[in-house]
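Subject: Structure handover

Hello,

Here is the structure for you to look over. My notes on what was found follow below it.

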Amino acid sequence: MGTPARQRFFWLTHARSWRPAILAGVGGFIAIGLLALVRDISQLHLLVPPFGATCVLAFGFPASPFAQPKNIIGGHVISAVMGLSACALLGYSAFGVASGVGLAITAMMLTDTVHPPAGANPIVVAMARPGLEFLVLPILVGATAIVILARIFRRVTQHGP
């Protein structure tokens, strides 16, 4: 094909269709931007780092089993419950956080609500040490908002299933 520079250019222009990639990025921007804006205006904490990865699935790969509403919402809530429970029982130690992640994976698999980004919620719990309100704000409300925004976005842009 030629020089390494030409090979890189070919890869950039032919690797994936630009439209779905740009729409996925715009969708993620809108979802996280709105959650952050609500946080800034109202002081309601609606953001956790795993929501960035949730947006990758919700906007970039909406047909994935991991991007379905029950997986996004259920996975985040179940994982947060496991993290809070493990840390409450075992402390915010290495064993507590590792147990939270392990329990979250097990519980998501048993309930058929696997959402890989949610596996990070017990780590967020161990680092932030939130109270039970963490289950509602940011987890339940934030995950539900992402699901709703992704559905609206797909309808408006006709992007995804």
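A contact here means heavy atoms within 4.5 Å. This is a predicted model: local features need pLDDT of at least 70, side-chain atom pairs count only at pLDDT 80 or more, and totals for chains, interfaces and linings use all residues. Residues are numbered from 1 along each chain as its sequence is written, and side-chain values use heavy atoms, with hydrogens and water left out.

Start with Asn71. Leaving out residues up to four places away in sequence, Asn71 touches Pro65, Phe66, His76, Asp112, Thr113, Val114 and His115. Asn71 sits in helix α4. (Helices are DSSP runs of H or I with at least four residues; strands are runs of E with at least two; both are numbered from the N terminus.) Asn71 is buried, at 6% relative accessible area. (Buried is under 20%, exposed is over 50%, and partly exposed is in between, with a 1.4 Å probe and protein chains only.) A polar atom of the Asn71 side chain lies 3.4 Å from the backbone oxygen of Pro65.

Next, the charged pairs. Side chains of opposite charge can pair when their charged atoms come close. A salt bridge here is a side-chain nitrogen of Lys or Arg within 4 Å of a carboxyl oxygen of Asp or Glu. That rule gives two salt bridges.

- Lys70 pairs with Asp112, with the closest N and O atoms 3.0 Å apart. This pair links distant parts of the chain: Lys70 is in helix α4, Asp112 is in the loop between α5 (94-110) and α6, and they are 42 residues apart. Lys70 is partly exposed, at 45% relative accessibility.
- Asp40 pairs with Arg39, and their closest N and O atoms are 2.8 Å apart. Asp40 is partly exposed, with a relative accessible area of 47%. Arg39 is also partly exposed, at 29%.

Met82 is in helix α4 too. What does Met82 touch, not counting residues up to four places away in sequence? The contacts are Gly100, Leu103, Ala104 and Ala107.

Last, helix α3, residues 50-60. Its buried residues are Pro50, Phe51, Thr54, Cys55, Leu57, Ala58 and Phe59. They pack against α2 (18-42), α4 (69-90), α6 (121-128) and α7 (136-157).

Best wishes

Methods. A polar contact is a pair of N or O atoms within 3.5 Å; within protein, one must be able to donate a hydrogen and the other to accept it, and residues adjacent in sequence count only if both atoms are side-chain atoms.
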